[in-house]
Amino acid sequence: MFEQHRETLEKALAAIAERGHWSAFPESPSPRVYGEGAAERGREAFEALLGRRFPLDQPGTGAWIGAERSPYGMDLGVTYPEPAVEELVAAARAAMPAWRDAGPRARALTCVEIVQRINRRSFELADAVRHTTGQAFVMAFQAGGPHAQDRALEAVAYGYAAMTASAEAARWEKPAKGEPLVMDKRFTVVPRGVALVVGCNTFPTWNAYPGLFASLVTGNPVIVKPHPRAVLPLAITVQVARETLAEAGFDPSLVSLAAEEGQGLATALATHPAVRVVDFTGSTEYGEWLERHAHQALVHTEKAGVNTVVIDSTDSWRGMLGNLAFSLSLYSGQMCTAPQNVLVPAGGIETDEGHKSFDEVASGLAAAVGRLLGDDTRAVELTGALVNPGVLARVEGAPSLGEVVLESRAVKHPEFPDAVIRTPLIVRVDQEKSDIYGREHFGPISFLIPTGSTQESLDVLRRTITARGALTASVYSTSADVLDEAERAALDAGVNLSCNLTGGVYVNQSAAFSDYHGTGANPAATASLTDPGYVAGRFHVVQSRRPA
């Protein structure tokens with residue numbers, strides 16, 4: 001199990017240092033990549049889970065719970081063991097010493113094996129992600145499968161690099177009168193304690209895997225608390241992890257599932273005295289509550305933000321519009337990285353097709369979205385379905401916030417007639433209305449905002465992101481000076497910046513091993529997925545020494 005993954009671990013370590021393109025898992029669901037019949041077998045495995053008790057043997061109350069309903073209109077009917085919190089925590093703590101004593105390399109290679117086994121269930125996971133999040137199938141396969149698995153490996157690599165940055169043992173000699181002073185010293189990585197991962201509804205694997213594997217590789221047992229609407233993808237993950245750990249000779253209680261139907265379990269776990277690490281993705285309000293009240297734990301949160309696009313000028317008018325239209329439409333804007341605010345000088349912009357007024361920019365963007373989503377069958381494979389009724393309510397209420405540039409329309413899914421699907425809504429809002437565009441409107445809602453100049457646009461970017469946070473920012477300009485100023489603005493606001501995206505790279509996508517997701521330098525997140533700071537606080541180094 002260990003030897004076959006040594007090369008993968010070494011490649012991952014090289015990738016986080018070099019920051020070039022590398023992926024351990026192919027993102028294409030093509031039969032040429034994963035084999036003939038892989039998709040069909042995955043679908044059958046997913047369907048075999050529906051309407052049944054999920055096969056997971058772990059401490060519980062004896063009750064079985066579950067209320068997941070697919071955004072595509074069907075009840076999943078899967079039930080999970082209701083967790084007995086004190087028993088889960090006690091089992092996790094009991095499993096920790098042997099996992100700690102195994103050492104960084106054994107833990108890392110075991111984690112790689114877990115990820116490899118998860119990869120073999122990518123098609124099953126794709127259907128589970130699709131029917132808990134509303135993502136279209138290809139996106140569910142990629143983001144919920146290989147991309148999430150790459151993020152897991154990335155976290156393993158960062159954790160292993162941090163733990164092995166210095167020697168595990170040393171012979172210390174200090175010259176003295178007569179014989180030198182000689183000591184043998186050992187330095188042991190000691191885990192912080194039980195870790196908790198609180199999953200989100202929209203990207204249950206992609207957002208949970210970094211915290212799960214960063215904690216596990218550094219020696220911490222992990223309790224996974226999924227969102228009540230998206231339990232199945234993480235239940236499959238926990239099942240694979242427990243099976244792998246047991247085969248490797250470790251206690252499977254190092255990873256456990258804490259499913260719930262309602263609310264309150266995350267709070268009980270996050271404030272438990274034995275829980276020493278908390279990873280959370282979700283609302284700003286609850287994330288900030290965790291930061292204030294989970295005093296005993298290291299808390300990493302990813303919350304809401306106001307992602308911003310600044311348009312100054314472009315040498316690819318059609319490329320810019322097409323790229324933005326795709327970014328606004330992908331998964332109905334239900335991504336933490338999706339752009340929301342588009343800032344354009346009121347006097348218009350210069351392009352390769354001549355000067356374009358503000359109104360022409362507005363109509364051009366609306367037309368680009370219309371062209372992209374004009375065919376309903378194609379549209380649903382890009383937009384997916386709305387993940388919950390709250391998103392639909394925001395879409396329906398947003399036209400009252402300003403002047404509608406592009407109306408959102410309902411689309412019928414040819415395979416799932418009960419799916420709720422809406423195309424993007426674009427609303428023009430005056431620059432003074434910062435109370436509107438200065439907060440996140442999660443879903444397919446974006447604001448087109450006229451400003452006095454590009455400099456004013458960059459000032460708005462600085463203010464809104466500094467105050468409310470963002471995970472992405474983007475700028476379009478043919479001026480090197482403007483691009484330099486935009487980079488300074490992004491540094492001031494602490495946000496990752498993309499410049500002049502007109503082709504197949506989009507602002508709301510980030511590549512593992514190369515792109516950082518979040519920075520920890522603005523209110524949208526307390527850390528970056530993934531950098532050394534994300535893993536460093538999850539362990540301590542304890543020294544022992546004795547005369548040689």
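Modeller: Two strands pair if DSSP finds at least two bridges between them, a strand being a DSSP run of E with at least two residues, as a helix is a run of H or I with at least four, each numbered from the N terminus. This is a predicted model, in which local features need pLDDT of at least 70, side-chain atom pairs count only at pLDDT 80 or more, and totals for chains, interfaces and linings use all residues. Residues are numbered from 1 along each chain as its sequence is written, and side-chain values use heavy atoms, with hydrogens and water left out.

Colleague: What makes β3 and β4 a pair?

Modeller: 6 bridges join β3 to β4 (residues 181-191), and the two run antiparallel; the requirement is at least two, so the strands are paired. Within this pairing, Lys-174 has Leu-181 of β4 as its bridge partner, and Ala-169 has Arg-186. The hairpin of β3 and β4 has 6 residues between the strands, and Gly-178 takes a positive phi near 80° there.

Colleague: How do you know that β4 also pairs with β19?

Modeller: By the same criterion of at least two bridges: β4 and β19 share 9 bridges in the antiparallel sense. Pro-191 stands opposite Phe-539 in β19.

Colleague: Why are β3 and β19 called edges?

Modeller: The open sheet has 3 strands in the order β3-β4-β19. β3 (169-174) and β19 (539-547) each have a single partner strand, so one side of each lacks a neighbour in the sheet. The twist averages 25° from one strand to the next, with axes fitted as lines to C-alpha atoms and angles running from 0 to 180 degrees between N-to-C directions.

Colleague: What makes the largest pocket a pocket, and what is its volume?

Modeller: On a 1 Å grid over the protein atoms alone, a pocket is an open set of points with protein on both sides within 12 Å along at least five of seven lines, whereas a cavity is a set where a 1.4 Å probe fits but cannot get out. The volume, the space filled by probe spheres set on the points, which are joined across faces, edges and corners, is about 1,200 Å³ for the largest pocket.

Colleague: Which residues count as its lining?

Modeller: Lining residues have an atom within 4 Å of a point. The largest pocket has 48 of them, and those closest to its centre are His-227, Phe-280, Thr-281, Gly-282 and Ser-283. α12 gives the largest share, 4 residues.
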